[in-house]
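Subject: Structure handover

Hello,

Here is the structure I said I would pass on. My notes come after it.

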Amino acid sequence: MTPRSYLYILTITFITGCNLKSADDYLKQGHNIGLTGNYKAAIPIFDKAIQKNPKLKEAYIQRGLCYENLQQDSLAINDYKKLLSFDPNNTTAFYYIGLCKYRQKKFQEAIEFYNKALITKGLSNPSDTSRPQFVLDLNKDGILGEQAAFDVASCEIYYDRGIAYYSLGQIKRAFYDFENCINQNYVLGESNYMVGLCWLAVGKKDKACDAFRQGVLYGDTLSRKEVSDICR
């Protein structure tokens with residue numbers, strides 16, 4: 001073997017053995033796997049994306065959502081907190097931690113994170129890239145949502161915070177959050193239903209029935225059941 005051919009073989013071996021995939025390549029690969037519902041298989045792909053770029057925000061969010069869908073909320077929270085360690089105003093991370101805390105029945109903690117999500121809206125640093133960020137919300141039927149700077153609509157935060165307030169028996173605060181949702185035309189059936197429950201909780205049946213009837217107008221089945229059961 002001549003020295004030239006030996007060098008050629010060494011070069012080919014080196015190139016073949018190198019991992020030429022970028023962090024974005026792994027992010028897209030993990031996303032595609034996540035779309036199939038195979039969240040467990042997607043996680044190590046997002047691991048590789050983060051190894052390539054430790055500040056790739058989308059990878060932390062998507063890996064966290066995979067953990068959520070595997071009912072591993074503590075691991076999901078860890079990912080969102082890692083993101084917050086270098087992007088401390090990330091609204092989506094605060095909001096998703098709130099959702100996890102609620103599922104853990106830590107309602108007061110959930111409220112605290114929803115509050116932080118509201119405070120930080122529009123403040124998130126676009127990190128090391130100016131391009132729109134793509135967030136795979138695996139909690140929403142695997143739909144890919146484009147969310148520049150990882151924003152979350154305030155009405156979504158108000159609704160989930162209202163649910164947490166209601167779970168704690170803080171009816172007045174819950175009521176105002178659901179009224180806020182109605183004012184923003186957000187899930188009008190469900191929001192009117194929750195307003196009705198708030199009125200029931202303070203013994204105002206007539207007002208509750210008015211709210212339930214509004215819920216029925218927007219196709220809410222739970223409101224229809226309440227109207228049938230108590231609004232006669």
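Overall fold

Please keep in mind that this is a predicted model. The protein has 232 residues, and 44% of them count as buried. Its secondary structure comes to 12 helices and 2 strands. Read from the N terminus, the order of elements is α-α-α-α-α-α-α-β-β-α-α-α-α-α. Of the contacts with a separation of 6 or more, 53% are between residues 24 or more positions apart.

Helix 6 and helix 7

Helix 6 covers residues 91-103, and helix 7 covers residues 107-119. Their axes come within 8 Å and cross at roughly 165°. An angle over 145 degrees counts as roughly antiparallel, so that is how helix 6 runs relative to helix 7. The crossing of this pair is left-handed.

On the helix 6 side, the contact is made by Thr91, Phe94, Tyr95, Ile97, Gly98, Leu99, Lys101 and Tyr102. Helix 7 contributes Phe107, Glu109, Ala110, Phe113, Tyr114, Lys116 and Ala117. By class, the residues of this contact are 10 nonpolar, 2 polar and 3 charged.

Phenylalanine 113

This residue lies in helix 7 and is part of the contact with helix 6. Is phenylalanine 113 buried or exposed? Its relative accessible area is 11%, and the cut-off for buried is under 20%, so phenylalanine 113 is buried. Leaving aside residues up to four places away in sequence, phenylalanine 113 touches Lys81, Phe94, Ile97, Gly98 and Lys101. Among these, Phe94, Ile97, Gly98 and Lys101 are also listed for the helix 6 side of the helix contact.

Helix 8 and helix 9

A second pair is formed by helix 8 (residues 154-167) and helix 9 (residues 171-183). Here the axes are 8 Å apart and the packing angle is about 155°. Helix 8 and helix 9 are therefore roughly antiparallel. The crossing of helix 8 and helix 9 is left-handed.

From helix 8, the contact involves Cys155, Tyr158, Tyr159, Arg161, Gly162, Ile163, Tyr165 and Tyr166. From helix 9 come Ile171, Arg173, Ala174, Asp177, Phe178, Asn180 and Cys181. This contact divides into 10 nonpolar, 2 polar and 3 charged residues.

Cysteines

How many disulfides does a search of the whole structure find? The count is 1. The bond joins cysteine 209 to cysteine 231, with an S to S distance of 2.0 Å. The two residues are 22 apart and link distant parts of the chain: cysteine 209 sits in helix 11 (residues 205-217), and cysteine 231 is in the segment after helix 12 (221-230). The torsion about the S-S bond is about -95°, so this disulfide is left-handed. Both cysteine 209 and cysteine 231 are buried.

Two other cysteines can be noted for burial. Cysteine 66 has 0% relative accessibility and so counts as buried. Cysteine 100 is likewise buried, with a relative accessible area of 0%.

Regards

Notes
Residues numbered from 1 in each chain as written. Predicted model: local features only at pLDDT ≥ 70, side-chain atom pairs only at ≥ 80, totals over all residues. Heavy atoms only, no water. Disulfide = S-S within 2.5 Å. Helix = DSSP H or I, 4+ residues; strand = E, 2+ residues; numbered from the N terminus. Buried < 20%, exposed > 50% of the residue type's maximum accessible area, 1.4 Å probe, protein only. Axes fitted to C-alpha atoms, helices over the stretch in contact; angles between N-to-C directions. Parallel < 35°, antiparallel > 145°, perpendicular 65-115°, else oblique. Left-handed = near helix turned anticlockwise from the far one by under 90°. Contact = heavy atoms within 4.5 Å. Nonpolar A, V, L, I, M, F, W, Y, C, P; charged D, E, K, R; others polar.
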